[in-house]
Amino acid sequence: MFIKTNRNGFSHGVSSEITDRCVYEGRRDLIKLLATGVAGAAMTSWASREALAQTAGQTLKPGKLAPLAGGKSNLAGAVTMEKVTDYKDASSYNNFYEFGTDKSDPAKNAHALKTSPWTVEIEGLVKKPGKYGLEDLLKLSAQEERIYRMRCVEGWSMVIPWVGYSLSELIKKVEPLGSAKYVEFVTQLDPKAMRFVDSPVLDWPYVEGLRMDEAMNPLTLLTFGMYGEVLPNQSGAPVRLVVPWKYGFKSGKSIVKIRFTDKQPLTAWNKAAGNEYGFFSNVNPNVDHPRWSQATERRIGEDGLFAKKRKTLMFNGYEAQVGQLYAGMDLKKFF
Ligand SMILES: Nc1nc2c(c(=O)[nH]1)N[C@H]1C(S)=C(S)[C@@H](COP(=O)(O)O)O[C@H]1N2
Ligand SMILES: [Mo]
(Lines give C-alpha, C1' and ligand atoms only; values in the text may rest on other atoms or scores of the structure.)
(Ligands and ions follow the chains in the order given, each with its own letter.)
Protein backbone atom coordinates (compact mmCIF):
# COMPACT_ATOMS: atom_id res chain seq x y z
CA MET A 1 0.00 0.00 0.00
CA PHE A 2 1.36 3.37 -1.00
CA ILE A 3 0.69 6.45 1.02
CA LYS A 4 -1.63 8.91 -0.63
CA THR A 5 0.42 11.42 -2.51
CA ASN A 6 -0.20 14.77 -4.07
CA ARG A 7 1.74 16.33 -6.89
CA ASN A 8 4.69 17.13 -4.61
CA GLY A 9 5.09 13.49 -3.82
CA PHE A 10 3.62 13.41 -0.34
CA SER A 11 0.43 14.25 1.39
CA HIS A 12 -0.03 17.39 3.41
CA GLY A 13 -3.01 16.06 5.31
CA VAL A 14 -1.91 17.47 8.64
CA SER A 15 -4.08 16.84 11.64
CA SER A 16 -6.01 19.85 12.82
CA GLU A 17 -4.82 18.90 16.28
CA ILE A 18 -1.34 20.07 15.45
CA THR A 19 -1.07 23.78 15.89
CA ASP A 20 1.33 26.04 14.17
CA ARG A 21 4.27 27.49 15.91
CA CYS A 22 2.92 30.97 16.55
CA VAL A 23 -0.09 29.68 18.44
CA TYR A 24 2.19 27.71 20.65
CA GLU A 25 4.58 30.53 21.20
CA GLY A 26 1.58 32.59 22.20
CA ARG A 27 0.87 30.00 24.80
CA ARG A 28 4.39 30.29 26.17
CA ASP A 29 4.07 34.06 26.34
CA LEU A 30 0.94 33.53 28.35
CA ILE A 31 2.81 31.44 30.84
CA LYS A 32 5.36 34.21 31.23
CA LEU A 33 2.55 36.70 31.74
CA LEU A 34 1.00 34.40 34.27
CA ALA A 35 4.22 34.46 36.23
CA THR A 36 4.08 38.24 36.38
CA GLY A 37 0.42 38.25 37.34
CA VAL A 38 -1.03 40.01 34.30
CA ALA A 39 -2.44 37.03 32.47
CA GLY A 40 -6.10 37.98 32.79
CA ALA A 41 -5.99 40.67 30.16
CA ALA A 42 -4.27 38.41 27.69
CA MET A 43 -6.75 35.56 27.98
CA THR A 44 -8.88 36.58 25.06
CA SER A 45 -8.80 33.80 22.54
CA TRP A 46 -10.08 30.29 22.99
CA ALA A 47 -6.61 28.99 22.27
CA SER A 48 -5.10 30.99 25.12
CA ARG A 49 -7.69 29.85 27.61
CA GLU A 50 -7.28 26.27 26.48
CA ALA A 51 -3.54 26.58 26.77
CA LEU A 52 -3.74 28.08 30.22
CA ALA A 53 -6.06 25.40 31.52
CA GLN A 54 -3.85 22.75 30.06
CA THR A 55 -0.62 24.23 31.32
CA ALA A 56 -1.91 24.94 34.79
CA GLY A 57 -3.15 21.41 35.15
CA GLN A 58 -0.31 19.63 33.43
CA THR A 59 3.06 21.00 32.62
CA LEU A 60 3.45 22.82 35.90
CA LYS A 61 2.99 19.57 37.74
CA PRO A 62 6.05 17.41 37.10
CA GLY A 63 7.41 14.77 39.44
CA LYS A 64 9.86 15.22 42.25
CA LEU A 65 13.11 14.89 40.33
CA ALA A 66 15.83 17.48 39.81
CA PRO A 67 15.17 20.20 37.25
CA LEU A 68 17.07 19.52 34.07
CA ALA A 69 20.12 21.76 33.87
CA GLY A 70 20.05 24.02 30.84
CA GLY A 71 16.60 22.84 29.81
CA LYS A 72 14.83 25.67 28.05
CA SER A 73 11.17 26.18 27.35
CA ASN A 74 11.28 27.65 23.89
CA LEU A 75 9.17 25.33 21.85
CA ALA A 76 10.26 24.25 18.41
CA GLY A 77 9.28 21.59 15.95
CA ALA A 78 5.84 20.10 15.83
CA VAL A 79 3.74 20.75 18.88
CA THR A 80 0.22 19.94 19.81
CA MET A 81 -2.64 21.48 21.72
CA GLU A 82 -3.76 18.09 22.91
CA LYS A 83 -3.94 17.56 26.64
CA VAL A 84 -0.56 16.64 28.02
CA THR A 85 -0.52 13.22 29.67
CA ASP A 86 -0.32 13.35 33.46
CA TYR A 87 3.25 12.93 34.69
CA LYS A 88 2.04 10.12 36.91
CA ASP A 89 0.75 8.13 33.92
CA ALA A 90 3.79 8.89 31.77
CA SER A 91 6.11 7.65 34.52
CA SER A 92 4.18 4.60 35.68
CA TYR A 93 2.93 2.99 32.44
CA ASN A 94 6.09 2.11 30.55
CA ASN A 95 7.84 -0.34 28.30
CA PHE A 96 11.42 -1.03 29.37
CA TYR A 97 11.76 -4.78 29.11
CA GLU A 98 15.13 -4.91 30.84
CA PHE A 99 13.13 -4.25 34.02
CA GLY A 100 10.20 -6.57 33.29
CA THR A 101 7.45 -6.87 30.69
CA ASP A 102 4.56 -5.59 32.78
CA LYS A 103 3.74 -1.90 32.19
CA SER A 104 4.20 -1.24 35.89
CA ASP A 105 7.52 -3.09 36.21
CA PRO A 106 9.88 -0.32 35.00
CA ALA A 107 8.60 2.18 37.60
CA LYS A 108 9.07 -0.44 40.32
CA ASN A 109 12.48 -1.74 39.25
CA ALA A 110 14.39 0.89 37.27
CA HIS A 111 15.61 2.77 40.36
CA ALA A 112 18.40 0.14 40.45
CA LEU A 113 19.94 1.61 37.30
CA LYS A 114 23.02 3.72 37.97
CA THR A 115 22.80 6.73 35.65
CA SER A 116 25.85 8.69 36.80
CA PRO A 117 28.61 8.77 35.68
CA TRP A 118 27.41 8.03 32.14
CA THR A 119 29.20 8.04 28.83
CA VAL A 120 27.95 7.59 25.30
CA GLU A 121 30.45 6.12 22.88
CA ILE A 122 30.41 7.38 19.30
CA GLU A 123 31.93 4.88 16.90
CA GLY A 124 31.97 3.43 13.41
CA LEU A 125 32.02 5.45 10.19
CA VAL A 126 32.64 8.84 11.76
CA LYS A 127 35.49 11.40 11.80
CA LYS A 128 35.28 12.18 15.52
CA PRO A 129 34.67 8.94 17.39
CA GLY A 130 35.12 8.83 21.15
CA LYS A 131 33.50 8.72 24.54
CA TYR A 132 31.28 11.65 25.36
CA GLY A 133 30.33 12.26 28.99
CA LEU A 134 26.70 13.06 29.69
CA GLU A 135 27.69 16.56 30.84
CA ASP A 136 29.35 17.21 27.48
CA LEU A 137 26.29 15.98 25.64
CA LEU A 138 24.02 18.19 27.76
CA LYS A 139 26.09 21.24 26.88
CA LEU A 140 26.48 20.47 23.22
CA SER A 141 23.39 22.40 22.14
CA ALA A 142 20.58 24.49 23.63
CA GLN A 143 17.81 22.28 24.89
CA GLU A 144 14.19 22.78 24.05
CA GLU A 145 10.96 21.50 25.46
CA ARG A 146 8.92 19.77 22.76
CA ILE A 147 5.50 18.26 23.24
CA TYR A 148 5.37 15.11 21.13
CA ARG A 149 2.62 12.60 20.64
CA MET A 150 3.96 9.07 21.32
CA ARG A 151 2.37 5.91 19.93
CA CYS A 152 3.18 2.37 21.01
CA VAL A 153 2.75 -0.58 18.68
CA GLU A 154 0.46 -2.12 21.29
CA GLY A 155 -2.13 0.57 20.67
CA TRP A 156 -1.67 3.15 23.41
CA SER A 157 -0.52 6.72 23.09
CA MET A 158 0.58 9.62 25.27
CA VAL A 159 1.41 13.32 24.82
CA ILE A 160 4.64 14.19 26.60
CA PRO A 161 6.75 17.34 27.02
CA TRP A 162 10.26 16.08 26.33
CA VAL A 163 13.41 18.14 26.83
CA GLY A 164 16.44 17.75 24.61
CA TYR A 165 17.77 18.82 21.23
CA SER A 166 17.72 17.44 17.71
CA LEU A 167 19.99 14.42 17.36
CA SER A 168 21.22 16.09 14.16
CA GLU A 169 23.12 18.60 16.35
CA LEU A 170 25.25 15.80 17.76
CA ILE A 171 25.60 14.05 14.41
CA LYS A 172 26.88 17.23 12.76
CA LYS A 173 29.48 17.71 15.50
CA VAL A 174 30.92 14.18 15.19
CA GLU A 175 31.04 14.31 11.37
CA PRO A 176 29.93 10.97 9.94
CA LEU A 177 31.72 9.75 6.81
CA GLY A 178 29.91 9.79 3.49
CA SER A 179 29.74 6.00 3.64
CA ALA A 180 27.58 6.09 6.82
CA LYS A 181 24.02 5.23 5.81
CA TYR A 182 22.51 4.19 9.15
CA VAL A 183 22.83 4.99 12.83
CA GLU A 184 22.69 2.21 15.40
CA PHE A 185 21.76 2.88 19.03
CA VAL A 186 22.97 0.44 21.65
CA THR A 187 21.44 0.76 25.10
CA GLN A 188 22.68 -0.10 28.57
CA LEU A 189 23.07 -3.75 29.56
CA ASP A 190 23.62 -4.03 33.30
CA PRO A 191 22.53 -7.50 34.42
CA LYS A 192 22.86 -6.53 38.10
CA ALA A 193 20.39 -3.68 37.83
CA MET A 194 18.28 -5.14 35.00
CA ARG A 195 16.80 -8.25 36.43
CA PHE A 196 14.88 -9.28 33.33
CA VAL A 197 17.82 -9.53 30.92
CA ASP A 198 18.36 -13.19 31.70
CA SER A 199 15.03 -13.83 29.95
CA PRO A 200 15.18 -14.81 26.28
CA VAL A 201 12.41 -12.39 25.19
CA LEU A 202 14.97 -10.17 23.45
CA ASP A 203 18.61 -10.43 22.48
CA TRP A 204 20.17 -7.94 24.91
CA PRO A 205 21.42 -5.26 24.84
CA TYR A 206 18.38 -3.58 23.30
CA VAL A 207 19.49 -2.20 19.94
CA GLU A 208 17.63 0.17 17.63
CA GLY A 209 18.49 1.96 14.42
CA LEU A 210 17.52 4.70 12.01
CA ARG A 211 18.38 5.51 8.44
CA MET A 212 20.71 8.52 8.30
CA ASP A 213 18.06 10.87 6.92
CA GLU A 214 15.65 9.83 9.68
CA ALA A 215 18.33 10.42 12.30
CA MET A 216 19.01 13.86 10.78
CA ASN A 217 15.36 14.90 10.71
CA PRO A 218 14.93 17.75 13.20
CA LEU A 219 12.03 15.96 14.93
CA THR A 220 14.36 13.17 16.12
CA LEU A 221 15.13 14.26 19.66
CA LEU A 222 18.12 13.34 21.80
CA THR A 223 16.23 13.47 25.06
CA PHE A 224 17.52 14.21 28.57
CA GLY A 225 14.38 15.22 30.40
CA MET A 226 10.62 15.38 30.53
CA TYR A 227 8.21 17.79 32.22
CA GLY A 228 11.22 20.08 32.80
CA GLU A 229 13.01 17.53 34.95
CA VAL A 230 15.68 14.91 34.39
CA LEU A 231 14.23 11.69 32.97
CA PRO A 232 13.02 9.22 35.56
CA ASN A 233 14.94 5.95 35.15
CA GLN A 234 11.89 4.11 33.83
CA SER A 235 11.67 6.62 30.97
CA GLY A 236 15.23 5.98 29.83
CA ALA A 237 17.54 8.06 32.02
CA PRO A 238 19.92 9.66 31.56
CA VAL A 239 19.58 9.88 27.77
CA ARG A 240 17.16 8.34 25.29
CA LEU A 241 15.88 8.92 21.82
CA VAL A 242 12.40 10.12 20.91
CA VAL A 243 11.30 9.49 17.31
CA PRO A 244 7.69 10.68 17.37
CA TRP A 245 6.49 9.44 13.96
CA LYS A 246 7.52 5.83 14.67
CA TYR A 247 6.18 3.22 17.06
CA GLY A 248 7.61 3.62 20.55
CA PHE A 249 10.11 0.80 20.36
CA LYS A 250 12.29 2.80 17.94
CA SER A 251 12.93 5.26 20.79
CA GLY A 252 15.74 3.45 22.61
CA LYS A 253 16.20 4.15 26.31
CA SER A 254 19.40 4.61 28.34
CA ILE A 255 21.69 4.85 25.31
CA VAL A 256 25.40 4.02 25.72
CA LYS A 257 26.58 3.75 22.14
CA ILE A 258 25.83 5.47 18.83
CA ARG A 259 27.38 3.73 15.87
CA PHE A 260 27.51 4.93 12.27
CA THR A 261 27.34 2.10 9.77
CA ASP A 262 26.78 1.31 6.10
CA LYS A 263 24.47 -1.62 6.86
CA GLN A 264 20.92 -1.58 8.17
CA PRO A 265 21.30 -2.37 11.89
CA LEU A 266 19.89 -5.61 13.26
CA THR A 267 17.49 -4.30 15.85
CA ALA A 268 16.32 -6.16 18.96
CA TRP A 269 12.67 -6.38 17.87
CA ASN A 270 13.52 -7.16 14.28
CA LYS A 271 15.63 -10.09 15.49
CA ALA A 272 12.95 -11.28 17.90
CA ALA A 273 10.06 -11.17 15.39
CA GLY A 274 11.00 -9.72 12.02
CA ASN A 275 7.57 -10.42 10.53
CA GLU A 276 5.91 -8.30 13.22
CA TYR A 277 8.40 -5.49 13.78
CA GLY A 278 9.99 -4.03 10.68
CA PHE A 279 13.02 -1.77 10.58
CA PHE A 280 11.04 1.35 9.70
CA SER A 281 8.04 0.94 12.00
CA ASN A 282 6.46 4.20 10.97
CA VAL A 283 3.10 4.75 12.60
CA ASN A 284 0.68 3.78 9.86
CA PRO A 285 -3.05 3.14 10.33
CA ASN A 286 -3.12 1.26 7.00
CA VAL A 287 -0.52 -1.34 7.89
CA ASP A 288 -1.68 -3.70 10.60
CA HIS A 289 0.50 -5.61 12.99
CA PRO A 290 0.00 -9.28 11.98
CA ARG A 291 -1.86 -9.93 15.21
CA TRP A 292 -3.85 -6.71 15.61
CA SER A 293 -5.07 -3.58 13.87
CA GLN A 294 -3.13 -0.32 14.06
CA ALA A 295 -6.06 1.84 12.92
CA THR A 296 -7.03 3.14 16.37
CA GLU A 297 -5.35 3.95 19.65
CA ARG A 298 -6.18 4.46 23.30
CA ARG A 299 -4.84 7.62 24.91
CA ILE A 300 -3.43 6.81 28.33
CA GLY A 301 -5.37 8.74 30.97
CA GLU A 302 -8.55 8.69 28.91
CA ASP A 303 -9.62 5.14 29.54
CA GLY A 304 -12.85 5.95 31.34
CA LEU A 305 -16.15 4.31 30.48
CA PHE A 306 -16.96 6.80 27.72
CA ALA A 307 -13.48 7.35 26.34
CA LYS A 308 -13.54 6.85 22.59
CA LYS A 309 -10.67 5.22 20.81
CA ARG A 310 -8.81 7.66 18.63
CA LYS A 311 -8.06 7.16 14.97
CA THR A 312 -4.37 6.61 14.45
CA LEU A 313 -2.82 9.31 12.27
CA MET A 314 -0.43 8.62 9.41
CA PHE A 315 3.14 9.06 10.71
CA ASN A 316 1.51 9.74 14.08
CA GLY A 317 0.39 13.16 12.79
CA TYR A 318 3.86 14.24 11.62
CA GLU A 319 3.29 13.54 7.94
CA ALA A 320 4.03 17.10 6.84
CA GLN A 321 7.43 16.94 8.51
CA VAL A 322 8.53 13.42 7.58
CA GLY A 323 6.34 12.14 4.73
CA GLN A 324 8.91 13.08 2.10
CA LEU A 325 11.48 10.75 3.67
CA TYR A 326 9.43 7.84 2.33
CA ALA A 327 8.17 9.24 -0.98
CA GLY A 328 7.86 6.42 -3.49
CA MET A 329 8.44 3.66 -0.94
CA ASP A 330 5.95 0.83 -0.57
CA LEU A 331 5.17 1.20 3.12
CA LYS A 332 3.46 -2.16 3.23
CA LYS A 333 6.72 -3.78 2.21
CA PHE A 334 8.97 -1.46 4.22
CA PHE A 335 6.87 -1.51 7.39
N1 LIG B 1 16.21 -0.02 26.22
C2 LIG B 1 14.91 -0.07 25.92
N3 LIG B 1 14.33 0.96 25.27
C4 LIG B 1 13.00 0.92 24.98
C5 LIG B 1 12.21 -0.20 25.32
C6 LIG B 1 12.84 -1.27 26.00
O7 LIG B 1 12.21 -2.29 26.34
N8 LIG B 1 14.18 -1.17 26.30
N9 LIG B 1 10.87 -0.21 24.98
C10 LIG B 1 10.44 0.64 23.85
C11 LIG B 1 8.99 0.70 23.70
S12 LIG B 1 8.22 -0.69 23.10
C13 LIG B 1 8.28 1.85 23.92
S14 LIG B 1 6.61 1.95 23.58
C15 LIG B 1 8.95 3.05 24.51
C16 LIG B 1 8.19 3.46 25.74
O17 LIG B 1 8.65 4.66 26.25
P18 LIG B 1 7.92 5.25 27.54
O19 LIG B 1 7.91 4.19 28.59
O20 LIG B 1 8.74 6.44 27.93
O21 LIG B 1 6.53 5.62 27.13
O22 LIG B 1 10.29 2.81 24.88
C23 LIG B 1 11.04 2.05 23.94
N24 LIG B 1 12.44 1.99 24.32
MO1 LIG C 1 6.09 0.04 22.37
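Predicted model: local features only at pLDDT ≥ 70, side-chain atom pairs only at ≥ 80, totals over all residues.
Local features are used at pLDDT of at least 70 and side-chain atom pairs at pLDDT 80 or more, while totals for chains, interfaces and linings use all residues, and side-chain values rest on heavy atoms, without hydrogens or water. Residues are numbered from 1 along each chain as its sequence is written, and chains are lettered from A and ligands numbered from 1 in the order in which they are written.

**View 1**
Look for the polar contacts here (pairs of N or O atoms within 3.5 Å). The side chain of Glu98 has an N or O atom 2.8 Å from a nitrogen atom of ligand 1. For Arg240, a polar side-chain atom lies 2.7 Å from an oxygen atom of the ligand. Lys253 also has a side-chain N or O atom 2.7 Å from an oxygen atom of ligand 1.

**View 1. The largest pocket.**
On a 1 Å grid over the protein atoms alone, a pocket is an open set of points with protein on both sides within 12 Å along at least five of seven lines, and lining residues have an atom within 4 Å of a point. The largest pocket holds about 580 Å³ of space, counted as the space filled by probe spheres set on the points. Its lining has 33 residues, with Asn95, Cys152, Glu154, Gly248 and Phe249 closest to the centre. By class, 18 are nonpolar, eight polar and seven charged. Strand E6 (156–166) is one of the elements that supply at least two lining residues, and E6 gives the most, with four.

**View 2. The largest cavity.**
A cavity is a set of grid points where a 1.4 Å probe fits but cannot get out. One cavity of 30 Å³ or more is counted, and about 160 Å³ of space lies in the largest. Among the 17 residues lining the largest cavity, Tyr247, Ser281, Asn282, Val287 and Phe335 are closest to its centre.

Find Arg211 in strand E8 (residues 207–211), where strands are DSSP runs (E) of at least two residues. Is Arg211 buried or exposed? Arg211 counts as buried because its relative accessibility is 16%, and buried means under 20% with a 1.4 Å probe and protein chains only. The side chain of Arg211 reaches the backbone oxygen of Leu325 at 2.8 Å.

Technical notes:
Nonpolar A, V, L, I, M, F, W, Y, C, P; charged D, E, K, R; others polar. Buried < 20%, exposed > 50% of the residue type's maximum accessible area, 1.4 Å probe, protein only. Polar contact = N/O pair within 3.5 Å; in protein donor to acceptor, adjacent residues only side chain to side chain.
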